[in-house]
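I opened my notebook on this model to look at one helix and at charged pairs. My entries follow.

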Amino acid sequence: MEGGLRPRRRYTVGDALDAWLAVGLDGLSARTVALYRDTIAKTLREELGAVRLTELTAGDVQAALGALATRLSSRTVQIAHNVLVRAIRQAERDDLVGRNVAALVKPPKGQLGGRPSKSLTLEQAISLMAAARGTRLEAYVTLSLLTGLRTEEVRALRWDHVVAWVAGQWEPVSEAGFDHEQLAVFVWRAERAGGDTKTPSSRRTLALPRRCVEALREHRVRQAEDRLAAGPLWQDHGLVFASTVGTPMDDHNVRRQFRVVTEAAGLGISWVPRELRHTFVSLLSAHGVPVEAIALLAGHNQTATTELVYRHQIVPALTRGAEVMDEIFG
C-alpha cells in the first residue's frame, strides 16, 4: 500500500459508479434516481466502464465527455461529468484512488437540441463494410448494419440462436450448418439487467441477409481458431461475439475497435455502434419499406406481447429486412 491507498487491481470506473449508485442517491426524487441509474451511469459505462480507476487520466475523461457531446445535450454532458466526479470522489474517500482526475476536466458543450439522429449514407455504409472486411469486427458490423439489432442484443447473441430452417423447423447452425436457403437469428437476449431484451416486443426472429450469413460463417471459423489457440484458457459461453478466450465482449472495447474501423473507412471517429441500427432504419425507409414494417423489424411494434414473444413459432421469420438488404448490398 502506497500513500495510504488500498488499491484493487481490477477496480474499474464501472465499479466506482456502482458503489456510488448504491449509496449516493438517498433523498433524490424517483425521476432523478432513474435518470442517474438508467441513463447517465449507463452512458458513462459505455465510454469508461472497463477502465481501471487507478489508470484513468484526465485525458480519458475529456475524450469520453467529448464523445458524449457529439450526441447528447450540454445539460446531459454536464450531469454525466458531475456523476463521474461524485463517484470518483467517493472512491477517493475510500482510499481506492489517489486523486479525482474527473474534477480537473471542464465538460464540453453538447448538442443544443439534444442528441441528434445520426446515420450513415449508403455510400458510407459500403465504405464501412469494406473497411471492416477481414477484421475481428466484420461480422459484428455486418450483422448490426443489415439487421438493425441493438448493440446489447448483438453482444448477447448465442450460437444456438443463429438458426437454419430445416424440414419445417429451426435448427442451430452449430448442428445444421450454414448451407440452407433461409437462416435467421432469435433476438431473445440482451446485455441488460436480467439478460432479457429491452421490451417484450423486442423479442423477434429476423431472417438473415446473405452478407450476414457469409460473415457469420467466416466468423465461426475464426472463433474456432481462437478456441484452439486459447486451449485450456477458453471459456465457453456460447456467444457469437466473444473475446479471444471466449468471454463476453466489453462494450468499451467494442466501441474502441469500431472507431478504428470507421477511421479506416474515412468516416472519422465520432461514430458509435448503435448508429448502425439508425442506418438500418434509414436505409429501409429510403427504399420504401412502410414504417409499420420497419418498427416490427426493429422491435418497436406494439402488437400483443404474446404474439411477439412466440413469433418464432407462428411464422418462419421476419423476412422483409433481409430481402431489402439483399437488394441494397447484393
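I looked up Arg45 and found it partly exposed at 28% relative accessibility (buried is under 20% relative accessible area, exposed over 50%, partly exposed in between; 1.4 Å probe, protein chains only). The model is predicted: local features need pLDDT of at least 70, side-chain atom pairs count only at pLDDT 80 or more, and totals for chains, interfaces and linings use all residues. Residues are numbered from 1 along each chain as its sequence is written, and side-chain values use heavy atoms, with hydrogens and water left out.

I searched the whole structure for salt bridges and got 18 (a side-chain nitrogen of Lys or Arg within 4 Å of a carboxyl oxygen of Asp or Glu). Arg45 pairs with Asp18, with 2.4 Å between the closest N and O atoms. Arg45 sits in helix α2 and Asp18 in helix α1, so this bridge ties together parts 27 residues apart in sequence. Asp18 is partly exposed too, at 38%.

Next I checked α2 itself. It spans residues 30-48 (helices are DSSP runs of H or I, at least four residues, numbered from the N terminus). I noted a bend of about 35° at Tyr36 (the angle between axes fitted to the seven residues ending there and the seven starting there). Tyr36 is among the buried residues of α2, as are Glu46 and Glu47.

I then turned to Asp236. It bridges to Arg227 at 3.5 Å. Asp236 is exposed, at 53%, while Arg227 is partly exposed, at 37%. Elsewhere, shared partners join Glu46, Glu47, Arg71, Arg255, Arg259 and Arg274 into one salt-bridge network.

Conventions. Helix = DSSP H or I, 4+ residues; strand = E, 2+ residues; numbered from the N terminus. Expected span 1.5 Å × (residues − 1).
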